Amino acid sequence: MVDFLAENNLCGQAILRIVSCGNAIIAELLRLSEFIPPVFRLKDRADQQKYGDIIFDFSYFKGPELCESKLESKPELQDLDEEFRENNIEIVTRFYLAFQSVHKYIVDLNRYLDDLNEGVYIQQTLETVLLNEDGKQLLCEALYLYGVMLLVIDQKIEGETRERMLVSYYRYSAARSSADSNMDDICKLLRSTGYSSQPGAKRPPNYPESYFQRVPINETFISMVIGRLRSDDIYNQVSAYPLPEHRSTALANQAAMLYVILYFEPSILHTHQAKMREIVDKYFPDNWVISIYMGITVNLADAWEPYKAAKTALNNTLDLSNVREQASRYATVSERVHAQVQQFLKEGYLREELVLDNIPRLLNCLRDGNVAIRWLMLHTADSACDPNNKRLRQIKDQILTDLRYNPKILFQLLLDTAQFEFILKEMFKQMLSEKQAKWEHHKKEGSERMTELADVFSGVKPLTRVEKNENLQAWFREISKQILSLNYDDSTAAGRKTVQLIQALEEVQEFHQLESNLQVCQFLADTRKFLHQMIRTINIKEEVLITMQIIGDLSFAWQLIDSFTSIMQESIRVNPSMVTKLRATFLKLASALDLPLLRINQANSPDLLSVSQYYSGELVSYVRKVAKLTHAISIFTEGILMMKTTLVGIIKVDPKQLLEDGIRKELVKRVAFALHRGLIFNPRAKPSELMPKLKELGATMDGFHRSFEYIQDYVNIYGLKIWQEEVSRIINYNVEQECNNFLRTKIQDWQSMYQSTHIPIPKFTPVDESVTFIGRLCREILRITDPKMTCHIDQLNTWYDMKTHQEVTSSRLFSEIQNTLGTFGLNGLDRLLCFMIVKELQNFLSMFQKIILRDRTVQETLKTLMNAVSPLKSIVANSNKIYFSAIAKTQKIWTAYLEAIMKVGQMQILRQQIANELNYSCRFDSKHLAAALENLNKALLADIEAHYQDPSLPYPKEDNTLLYEITAYLEAAGIHNPLNKIYITTKRLPYFPVVNFLFLIAQLPKLQYNKNLGMVCRKPADPVDWPPLVLGLLTLLKQFHSRYTEQFLALIGQFIRSTVEQCVSQKIPEMPADVVGALLFLEDYVRYTKLPRRVAEAHVPNFIFDEFRTVL
């Protein structure tokens, strides 16, 4: 008959694929359970108030129309709902796919069972598959894994959270509209069970059996699987544990499967006394805490409490006298084994001969040690004992008393056993690889000795006083031939023959009185020794390694090991060399990966990589947790570097990398805290705390930086590289989090390229409206340079207080930020300002809609003005009256308008200062980079201009990221002009140029010209600052089509010409102040935009500019 798992056996391959898929689903559920968005739990009040109206549980399905109409009636809820969808649809979809795969799994299993019953697989029925060794294993596993999936889902993803996710998915995706969607079935299977994994929570009635019965499964199949598990040793484990007292450990995996599968037929647990007694006597006579899958533990005393038959059967095991007996037995065993293992681990004790002569003894020691560790770890674990259950507490206390339990001693036993196991395995692997070569070597040596002896007795070889003896000569030659004829491949026959040859050599020594000749005796003894070695070598079998693998299983401790973390860290602190033993323990724990990966590997499933990466990653992150930076880097370094590079699962763990990660983790923690604490400002402080705090923080950062330079050689790491990478990561992450405030689709931690699970950047509770330190820094700078309070003098790059005329801050501020936070800090600040400008411009547009386009009187005024001034080339008669009546009628809109424009202008000035500082330091610190970037930028722009002149020339395609990537470099090096940036996309706005023109001339009377300082504010009570005003208007116009700017400049030109014309006709010799202001605006406009003068001269005649210069 074809092997059940052969490629061409469809029946075997089908069930193997199902089981492989089951293991992959559980890994995905465990992986996802760490990424549940906290908002779906609705735990805190803020979340409930904000999202309570858009996150629904299954009550939604009772009246979806009602819920949706409630949402539609409130635009702000709709907006929140849309934002929530954009932020969470990706993760919710992933959860839904995992839930869907659970449902698909059981549907596939049911279909497979139907196919078996209907005879789809020729010659195969349920009975024949269960008779086959692989077949019965796979069928039992298939049902067991389904049970584990359901338990994992309920334990890791609470019922209400599941419901909310499913409803969100249903609402946000196309699932509701697709006819083939099995949404209903998934919802039925995964609706909340009422179970809670919180300690002390009450268990719902009929749980989990009612949950397990939500999708019906063939009853015959369930009872046959239970029958097999009750009677057979389906994995043939008993052969690895020959002693009767180890039987429950040998059958532990099977016991876990039986525990889960019994919930599919709860009548056995309730009423079948005899069956339950048989199960308990076979599987649980001396244990009641079991591990069901990858370290998920269950205490049967608690789990079987509601089931009469199960509870009665278990009472014998839980009888206090039995508990005491087991605890005392394991206390004795663990002491005895520990002493043995410590003896074996002494330097030089485990030699090859000793190992080969004592294989059974060493294996017994390993068995006893592993069984004791398993029992002790499971039965003393806190997770397995509900503190509210009096009986469980009593049993646990009894165990701890009888064991004289000390977790440190148990941990030491685990370490030593793991180390002993590791050394033994390595020795065996080495011996197996050299087995044939050694055997052949010994055979050759033995044969040669015999040939030499034959030559001695031929009388030819001069060996003192040995007489010629032809019989012996022939006999030794024959023995030499016999030794050579031994066949390595037929080990049994070779072994038997070797024993006979040894006996023959002993006899020949006695019969022929050869003892008198020491040299002959020596030759015979050597040959016997080689033959003995051959017997030993032939006994090195792979079965020993397999047995060691079986008995060394530590998968039950996958989660329990966490309780020993503090002991591990403490022991490394005391004795760094302990790390070598820890390595062996982690490798032992890595063997737990075999359990979920075996079937996935057999099925050649593509899930192999992702599942093994998940479990290996979990283990490696645990290794990192243990390897946290201890009190002195020196001690830690000594310990860590003693470890060798180790493969944990499929992830390579390099001790040097671990050390580096530990150092990085500590650095990130310290720097993040220093930045958080150092940049908290009191907005009422006079003068601002900004510069002193930056100086203080700069000193702290410099201290960190220097200490890193000091230790880098000592620990042999690249200190500066680590410093730059981690500080840039912290700052970029904080900028990203701060910018999230301005984004609809927020970047979650798990999506962030800067956040890491191994070296996490800590998050701190916000102390004001800013989320992070970078936001606080930015808002403090904006506060102290507020255009309503300060006046910016462009030539000096300095801000002065409008009232006191004292300096507030200057460009030195940015060099201080550069010193403290580095280029990343300045660059991050620049990015944040970009987001703020975008927000201000968006607010401005909505304000424009509200106060201008929806106000009839304002529109009438604008319309009248436009009629009066067109065409723009002409001169407006009676200009003063026309302009100032328009200003008077629109007076109420200018306050908000001025504030918005000045805010944008203020941020643009800050961006310019940042660009200057970045460019200066880039040219200073890395002139080659600056030169290369400038040249590349010019070359690119030249190519793009050439392409627009002649489209046949090349141009970067849409999928080419060159322009996007070079922009990031240019901005970081300050080679850009913030004023030329397009921040938002805009639509056409009626009256836009004329509104801006009116706004400008409405502000001119508030300003006056000063020879030294340019345009300054007339009265501090009515503050207007000229540079932010000009830059704000310029930025705003830049966002729209250039014809708006043209029209705006034309209106200013017309205003200047008309006013001058009126002055001339009225014979007023001085140029009016408003005209001076308007002309200065044009001059500044041309200067800031770097446009040629003719742009301004197109609207104002040359002689007016000349005249204006003489006035100045």
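Predicted model: local features only at pLDDT ≥ 70, side-chain atom pairs only at ≥ 80, totals over all residues.

Q: How far apart are E160 and R164 along helix 7?
A: They are four residues apart in helix 7, which runs over residues 159–172, so about one helical turn separates them.

Q: Why would side chains like that pair up in general?
A: Side chains of opposite charge can pair when their charged atoms come close.

Q: OK, what about E82 and R85, how do their side chains meet?
A: In a salt bridge, at 3.7 Å from N to O. Both residues lie in helix 4 (residues 75–118), three residues apart, which is about one turn of that helix.

Q: Is R85 buried or exposed, or something in between?
A: R85 is partly exposed, with a relative accessible area of 28%.

Q: How many salt bridges does the structure hold?
A: 51. One of them joins the side chains of E726 and R664, at 2.5 Å from N to O.

Q: Which helices do E726 and R664 lie in?
A: E726 sits in helix 33 (residues 719–739) and R664 in helix 31 (residues 655–678), so this pair ties together parts that are 62 residues apart in sequence.

Q: Buried or exposed, those two?
A: Both E726 and R664 are buried.

Q: Which residues are joined with them into one network?
A: Salt bridges with shared partners link R664, K721, E725, E726 and R729 into one network.

Q: Switching to packing: at what angle do helix 38 and helix 41 pack?
A: About 95°, with the axes 11 Å apart. Helix 38 covers residues 894–925 and helix 41 covers residues 992–1003. The two helices are therefore roughly perpendicular to each other.

Q: Which residues make that contact?
A: From helix 38 it's W894, Y897, L898 and I901. Helix 41 brings V995, N996, L998, F999, A1002 and Q1003. By class, the contact has eight nonpolar and two polar residues, with no charged ones.

Q: Now helix 39 and helix 40, what's the angle there?
A: Helix 39 (residues 927–949) and helix 40 (residues 962–972) pack at about 145°, and their axes are 11 Å apart. Helix 39 passes helix 40 in a left-handed crossing.

Q: Who's in the contact?
A: On the helix 39 side, L933, L936, N937, L940 and I944. On the helix 40 side, L962, L963, I966, Y969 and L970. Split by class, that contact has nine nonpolar residues, one polar and no charged.

Q: Last topic, I784. Where is it found?
A: I784 is in helix 34, residues 773–784. At 10% relative accessibility, I784 counts as buried, since the cut-off for buried is under 20%.

Q: What is I784 in contact with, leaving aside neighbours within four places in sequence?
A: S688, L690, T790, V808 and T809.

Methods. Residues numbered from 1 in each chain as written. Heavy atoms only, no water. Axes fitted to C-alpha atoms, helices over the stretch in contact; angles between N-to-C directions. Left-handed = near helix turned anticlockwise from the far one by under 90°. Contact = heavy atoms within 4.5 Å. Nonpolar A, V, L, I, M, F, W, Y, C, P; charged D, E, K, R; others polar. Parallel < 35°, antiparallel > 145°, perpendicular 65-115°, else oblique. Salt bridge = Lys/Arg side-chain N within 4 Å of Asp/Glu carboxyl O. Buried < 20%, exposed > 50% of the residue type's maximum accessible area, 1.4 Å probe, protein only.
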